[in-house]
Amino acid sequence: MTREGVPVFLQITDGQEMSPDLRRELLECWVTVTNAGGAAGFPFPPVTFDEVAVVADQLIAGLDPERSRFLLAHVDGTLAGWLNVRRNVDPLIAHWGTVHHVQTHTSFRSRGIGAALMRQVRHVAREEMGLEQLHLAARGGVGLEDFYGRLGWKEIGRWPNALRLAPGDDRDEILMVLEL
């Protein structure tokens, strides 16, 4: 039994598990988040469903229980947010993974969905994927480093002015790590 308003998590570890309805929800979330200015992999909104579908389908095709999985948060049967966690199988770096595309649908903002996803990915990475640390890169200038910092992530470096969103709007790329 689930409580109303509490996220329920689903992992997709194989592209065959992605139903057409779930794919549509994921695309709708991604388009909505991006077009609202979210740093979700498409830096120059607006984006269309077709543009996002190309990238999403590549991610879906690469899903594998050992290397890449989606973590989805549903609230009351609706996709509220999602992320992708990946590991490189190269034995030199196979002990850590990278978190990509952390998103909370705009209609679920300020309800703790992003924080819940990040707590859940910590558990999944450690307990199910056997990872020892997670990495991520965040866009500077929007407070993401504070959000992740409250969840135990540590800033380990910056690439100054690495991201050019527009002429005169250069942002740092913030590199962060979470020890599991």
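The structure holds five aromatic pairs, where rings of Phe, Tyr and Trp (its six-membered ring) pair if their centres lie within 6.5 Å, and planes under 30 degrees apart count as stacked, over 60 as edge-to-face and the rest as tilted. Two of the pairs are listed here.

| Pair | Centre to centre | Angle between planes | Class |
|---|---|---|---|
| Trp30 and Phe42 | 5.4 Å | 65 degrees | edge-to-face |
| Phe70 and Trp82 | 5.3 Å | 80 degrees | edge-to-face |

This is a predicted model: local features need pLDDT of at least 70, side-chain atom pairs count only at pLDDT 80 or more, and totals for chains, interfaces and linings use all residues. Residues are numbered from 1 along each chain as its sequence is written, and side-chain values use heavy atoms, with hydrogens and water left out.

Trp30 in helix α1 and Phe42 in the loop between α1 and α2 are twelve residues apart; helices (H or I, at least four residues) and strands (E, at least two) are DSSP runs, numbered from the N terminus. Trp30 is buried, with a relative accessible area of 0%, and Phe42 is buried at 14%. Buried means under 20% relative accessible area, exposed over 50%, and partly exposed in between (1.4 Å probe, protein chains only). Phe70 in strand β2 and Trp82 in strand β3 are also twelve residues apart, and both are buried. Trp30, Phe42, Phe70 and Trp82 form one aromatic cluster.

The buried residues of α1 include Leu22, Leu26, Trp30 and Val33. Among the elements covering the buried residues of α1 are β1 (8–12), α2 (49–61), β2 (68–75) and β3 (78–87). Just after α1, Gly37 takes a positive phi of about 100 degrees.

The largest pocket has a volume of about 1000 Å³. A pocket is an open set of points on a 1 Å grid over the protein atoms alone where a 1.4 Å probe fits, with protein on both sides within 12 Å along at least five of seven lines; lining residues have an atom within 4 Å of a point. Of the 38 lining residues, Ala39, Ala40, Val102, Leu144 and Tyr148 lie nearest the centre of the pocket. Strand β4 supplies the largest share of the lining, seven residues. By class, the lining has 21 nonpolar, twelve polar and five charged residues, with Ala, Val, Leu, Ile, Met, Phe, Trp, Tyr, Cys and Pro counted as nonpolar, Asp, Glu, Lys and Arg as charged, and the others, Gly among them, as polar.

Terms used: Contact = heavy atoms within 4.5 Å. Points joined across faces, edges and corners; volume = space filled by probe spheres on them.
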